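These are my notebook entries on one structure.

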Amino acid sequence: MARKNRSIKKTGGGLKFWGRHAIEAALNNPRRVIKKISGTREALASLDIPKEIPVVISDVADLGRVIPRDAPHQGMVADVDPLPDLWLGDILDEQSNRPLLLLDQVTDPHNVGAILRSAAAFDAAAIITQDRHAPPESGVLAKSASGALEIVPWVRVVNLSRALEEIAEAGYWRIGLDGDASDDLESAMGSSKLALVMGAEGEGLRQNVAAHCDALARLPMSSKMESLNVSNAAAISLYAEYTRKRGE
C-alpha cells in the first residue's frame with residue numbers, strides 16, 4: 001500500500017539561492033518560505049516581491065561574499081527554507097499518467113538540477129531519489145534547475161527498491177536504463193504508465209535496483225560514443241515518453 005502521510009516540514013538550516021530564474025520561481029511557489037531577498041536596486045526592481053518579505057539593498061561585492069565564489073547571482077540572493085518533504089504515496093495517489101523518474105545514487109547537484117529542468121520540460125510527475133545518496137537542495141542545484149526545483153515534485157525515499165515495489169503496485173511499468181541492455185527504450189516502453197530509472201554515471205544501476213525493474217533498455221546511439229551524461233540520457237528518455245504520450 002502507498003503511504004498516506006501528508007507533507008512534513010524539513011528541519012535544518014536555511015539556504016541561499018541566487019540568479020533570476022531560481023528566485024523568481026521561488027517567489028511563485030506557495031510552498032517555498034522566503035526569509036529575505038538581498039540585491040542591487042536595479043535587479044530587485046524587476047522582481048514582484050510581496051511586502052512581507054524583507055528586502056536588503058546590497059552592492060555586488062556584498063552579494064559575492066555570501067555565496068560561492070564566481071556564482072552568477074545576477075544581482076540578487078534569497079535566503080530560503082528547504083521545501084517540505086513529499087511522500088511517494090501522495091504522488092501515486094494522484095493516479096497521473098505522467099512518467100516518474102527515479103535516480104539511483106546520482107549525486108552531482110549540477111546533474112540533478114539539469115534533470116529537474118528536463119522533468120519540467122517534458123511533464124514528469126516527479127523525480128524520486130534516495131535520501132542518503134542524492135544532493136540536498138542548494139543554491140548550485142537551484143541555479144542549475146533554472147526554476148524547475150520549484151515546479152517538479154522531488155520525493156526522497158529511504159529505499160529505492162522498496163519504492164519501485166510501491167510504484168509497480170500503482171500500475172507503472174518500470175524501465176531501467178542500461179547501456180548494455182539488448183532492447184532499446186522505444187521497444188521496451190509498452191503501453192502502461194512509465195517509471196524510468198537512471199543510474200549514476202560510470203557505476204550505472206545497482207544490481208538490486210535493476211532487479212526491481214520490469215525491463216532494462218538502452219538508448220540507441222552511434223558507436224562513436226560509449227555513453228551519455230546522465231542528465232542528457234534523462235532528457236532523451238523523458239522526451240521519448242513525452243512524444244509517445246502525445247501520439248496516443
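I took buried to mean under 20% relative accessible area, exposed over 50%, and partly exposed in between (1.4 Å probe, protein chains only). I took helices (H or I, at least four residues) and strands (E, at least two) as DSSP runs, numbered from the N terminus.

I noted that this is a predicted model, in which local features need pLDDT of at least 70, side-chain atom pairs count only at pLDDT 80 or more, and totals for chains, interfaces and linings use all residues. Residues are numbered from 1 along each chain as its sequence is written, and side-chain values use heavy atoms, with hydrogens and water left out.

Entry on helix α5. I looked up its buried residues and found N111, V112, G113, I115, L116, S118 and A119. These pack against β5 (100-104), β6 (126-130), α6 (139-145), β7 (154-157) and α10 (230-247). Just after α5, I found D123 with a positive phi of about 65°.

Entry on I127. Which residues does I127 contact, leaving aside neighbours within four places in sequence? With contact meaning heavy atoms within 4.5 Å, I listed L101, L103, V112, L116, A119, V152, P153, W154 and V155.

Entry on strands. I found that β2 (residues 34-39) and β4 (residues 76-80) run antiparallel and are joined by five bridges; two strands pair if DSSP finds at least two bridges between them. I37 has A78 in β4 as its bridge partner.
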